[in-house]
Amino acid sequence: ASSFARMFVQVCLYFYCKCLWRCLKFVVRKLTGQCELQRICYNTKPGAARTMKIEASLKGSKSKRLQTSVNVHPDAIEKTIDDIMELKRINPDINPQLGVSLQACLLQIVGYRNLIAEVEKLRREPYDSENPQHEEMLLKLWKCLKPNSPLKARISKQWCEIGFQGDDPKTDFRGMGLLGLYNLVYFAEWDTEIAQQVLTDSLHPKYSQLSKAEWEKKKFDKAIGYSFAIVGINITDLAYNLLVSGALKTHFYNVAPEAPTLTHFQQTFCYLMHEFHKFWIDEDPLDIMEFNRVREKFYKRILRQLQNPEMALCPHFAASENLINM
């Protein structure tokens, strides 16, 4: 009985707050002459803060047309903006900037959803050694990371030199599918210098801030190296979880003026790889058995950073400066 009463009170409180919120919105619109979408666009600077408020407003609307506007095809966004303006009785000639701002927000919202679908498709596609494109990408990874060491054979113990577990890397891609390979190749090809340095450090860990004598003493106490490729696939999983949970909205809405793309996701992976490497060194683990603990702590740190609506994990990857004009 007490459980039922508590549930009844919670339901009543929910509907009371919902009705109260709608009444408040109605009063504010009458006082300001602006709907909620107008107030957000005019009073919130572009980026994650604005886009996330617009997304919440549309999803929370009592109008089905507004609720479904966050799920339209990218080609239908302009028509959707016209529908929103008509439904809200906003004159586009008097409020031309509103349409531009809403379009930028919807491009980000719809683009994020489409990016999840694209990433998920890659994650579900298994590595196929009979596929020449897959094999070509794998060989490119080797060439980028070890340009001065030719691969003697496709099946070789040399793969362990870049952090795979056995003679054939294809077995290591089972968890993340092609997504793991895509990310590793992108890191090695476009951030080559950092990728090669991280690989070297993972094989031969060092503490540059220590004297030679201190390091000689320390290296016998610690085994802080790790398998570069395996960790890359693991960090791909971390980036994937941040994406599908919605945590990366903050970052992508701040760095992508329009729709975030797979390239934005891969650039974020590069950042996470570099940051995790520094975090691993700073954590000073006893051995590789502490990997899960360090990874979880790193994941929580990134989540905390992304709670800040102004956060951009890697702002130097911002695609355009046009964001400030939207």
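## The loop between α5 and α6

Arg89 sits in the loop that joins α5 (77-87) to α6 (96-124). The model is predicted. In it, the phi of Arg89 is near 55°, a positive value in a residue other than glycine. Most residues other than glycine have a negative phi. The side of the story that concerns solvent is clear: Arg89 has a relative accessible area of 79% and is exposed, because the cut-off for that class is over 50%.

A second residue has a positive phi. Asp284, also not a glycine, has a phi of about 55°. Asp284 is in the loop between α13 and α14. Its relative accessible area is 22%, so Asp284 is classed as partly exposed.

## Overall fold

The chain holds 14 helices and 0 strands. Read along the sequence, the pattern is α-α-α-α-α-α-α-α-α-α-α-α-α-α. Of the 326 residues in the chain, 45% are buried.

Contacts across the sequence also have a figure. Take the contacts in the chain with a separation of 6 or more: residues 24 or more positions apart account for 68% of them.

## Packing of α11 and α13

Two packed helices are described by the angle between their axes and the distance between the axes. Helix α11 covers residues 228-244, and helix α13 covers residues 262-283. They pack at an angle of about 125°, and their axes are 10 Å apart. The two helices are therefore oblique to each other. The crossing of α11 past α13 is right-handed.

Which residues make the contact? From α11 come Phe228, Val231, Gly232, Ile235, Thr236, Leu238, Ala239, Tyr240, Leu242 and Leu243. From α13 come Phe265, Phe269, Leu272, Met273 and Phe276. By class, the residues of this contact are 13 nonpolar and 2 polar, with no charged residue.

## Salt bridges

Side chains of opposite charge can pair when their charged atoms come close. Searching the whole structure gives 18 salt bridges. One of them joins Lys45 and Glu310, with the closest N and O atoms 3.4 Å apart. Lys45 is in the loop between α2 (36-43) and α3 (48-59), while Glu310 is in the segment after α14 (291-306), so the pair ties together parts that are 265 residues apart in sequence. Glu310 counts as exposed, at 55% relative accessibility.

Lys146 pairs with Glu161 in another salt bridge, where the closest N and O atoms are 3.3 Å apart. Lys146 and Glu161 are both in the loop between α7 (132-145) and α8 (177-190), 15 residues apart. Glu161 counts as partly exposed, at 32% relative accessibility.

## Links around α13 and α14

Arg301 and Glu275 meet through their side chains in a salt bridge of 3.7 Å, N to O. Arg301 is in helix α14 and Glu275 is in helix α13, 26 residues apart. Glu275 is buried, with a relative accessible area of 14%.

A network of salt bridges links four residues: Glu283, Glu290, Arg293 and Lys297.

Where is Thr80? Thr80 is in helix α5. At a relative accessible area of 9%, Thr80 is buried, because the cut-off for that class is under 20%. Leaving aside neighbours within four places in sequence, Thr80 is in contact with Ser69, Val72 and Leu106. Thr80 and Gln103 are 23 residues apart along the chain, and their C-alpha atoms are separated by 8.9 Å.

Ser156 is in the loop between α7 and α8. Ser156 counts as buried, at 12% relative accessibility. Which residues does Ser156 contact, leaving aside its neighbours within four places in sequence? They are Gly166 and Asp167.

Conventions
Residues numbered from 1 in each chain as written. Predicted model: local features only at pLDDT ≥ 70, side-chain atom pairs only at ≥ 80, totals over all residues. Heavy atoms only, no water. Axes fitted to C-alpha atoms, helices over the stretch in contact; angles between N-to-C directions. Helix = DSSP H or I, 4+ residues; strand = E, 2+ residues; numbered from the N terminus. Parallel < 35°, antiparallel > 145°, perpendicular 65-115°, else oblique. Left-handed = near helix turned anticlockwise from the far one by under 90°. Contact = heavy atoms within 4.5 Å. Nonpolar A, V, L, I, M, F, W, Y, C, P; charged D, E, K, R; others polar. Buried < 20%, exposed > 50% of the residue type's maximum accessible area, 1.4 Å probe, protein only.
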